[in-house]
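Please keep the sequence and the structure in view while reading.

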Amino acid sequence: TEKMDAEGESDKAGGVKEGIDFRLSCCATRPLQRGKLGARTCPMTASTERRMALDLPLLLELVKALDAERNLDNSKLLEAVEEGEGLDLATKVDLLVHYLRRVHYYCYYRSEEFSDLGAMVRRGAAFVVRPKLSPDFSDLDREWEGGLVQKTRRRIAEAAMARQGEETEGDESSIYVLSMESDEAKRLLAAFYAVNCIEKERATKYQCQLPFKGTNKVFKAPEFVHKHLWNKHWRAVSRELFLMSYLTHPGRPTE
């Protein structure tokens with residue numbers, strides 16, 4: 001902005017004058033593709049009574065977890081969905097999906113989270129809806145559902161971990177310490193090791209899938225890859241430890 005007085009002269013001294021106007025200059029942004037603004041549909045199985053009955057408690061759990069993570073009070077909406085009479089199943093599901101989209105910038109059917117609504121629009125995730133159920137639809141495909149539930153559960157666990165971290169911050173007694181060789185660490189990291197340790201040549205070369213200084217290191221045996229992950233990728237290892245500890249804990253809250 002350039003501050004101008006009533007006669008069009010710049011105010012060099014920075015003093016306050018009466019009748020000052022502000023000249024605003026705007027810059028053009030990249031135009032948004034028209035297709036980004038149209039509604040997009042998720043797989044048709046999301047519109048079945050069976051799937052919506054499973055989605056409703058999962059959505060409630062996700063909303064509560066994200067609200068708690070951001071210290072939001074959303075009791076009225078939750079009461080309307082949990083206790084509201086006269087609302088059918090589809091309406092309850094759509095209310096929670098819309099709430100996640102507008103408040104948390106989270107697209108439930110794509111399991112994606114964004115920094116703001118504009119980012120959602122640019123990625124085409126702001127208008128993902130359930131399609132109308134076709135009379136001849138065969139509800140047999142479960143692959144999409146498995147990914148949806150897994151990613152949603154993972155986000156709920158991350159929110160719970162973040163909240164727990166805030167509550168125990170600064171408390172040295174709460175630090176989780178495990179040895180790499182311990183049975184507990186091996187149990188919790190079994191899936192993590194399987195994904196990030198790939199056999200390149202049979203019984204001779206194993207590659208770490210997490211880049212270190214721009215390259216994926218290769219080792220002679222899986223245990224060396226595990227040691228490399230533990231020493232050079234501790235942040236990813238510790239995150240997996242905390243997450244799996246939470247998910248497998250018998251006292252984990254389920255409501």
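How do the residues of the lining of the second largest pocket divide into nonpolar, polar and charged?

## The second largest pocket

In this predicted model, the lining of the second largest pocket divides into five nonpolar, three polar and four charged residues. The space in this pocket comes to about 310 Å³, and the residues that line it are Gly147, Gln150, Lys151, Arg153, Arg154, Ala191, Phe192, Val195, Asn196, Glu240, Met244 and Leu247.

Two or more residues of this lining are given by each of helix 5 (143-168), helix 7 (190-196) and helix 9 (234-248). The largest share, five residues, belongs to helix 5.

## Aromatic pairs

Four aromatic pairs are present in the structure. In one of them, the ring centres of Tyr108 and Tyr109 lie 5.3 Å apart with the planes at 65 degrees, and because an angle over 60 degrees counts as edge-to-face, the pair is assigned to that class.

Another aromatic pair is formed by Trp230 and Trp234, whose rings are 5.3 Å apart from centre to centre and have an angle of 55 degrees between their planes, an arrangement described as tilted.

How values were computed. Residues are numbered from 1 along each chain as its sequence is written. This is a predicted model: local features need pLDDT of at least 70, side-chain atom pairs count only at pLDDT 80 or more; totals for chains, interfaces and linings use all residues. Side-chain values use heavy atoms; hydrogens and water are left out. Rings of Phe, Tyr and Trp (its six-membered ring) pair if their centres lie within 6.5 Å; planes under 30 degrees apart count as stacked, over 60 as edge-to-face and the rest as tilted. On a 1 Å grid over the protein atoms alone, a cavity is a set of points where a 1.4 Å probe fits but cannot get out, and a pocket is an open set with protein on both sides within 12 Å along at least five of seven lines; lining residues have an atom within 4 Å of a point. Grid points are joined across faces, edges and corners, and a volume is the space filled by probe spheres set on the points. Helices (H or I, at least four residues) and strands (E, at least two) are DSSP runs, numbered from the N terminus. Ala, Val, Leu, Ile, Met, Phe, Trp, Tyr, Cys and Pro count as nonpolar, Asp, Glu, Lys and Arg as charged, and the others, Gly among them, as polar.
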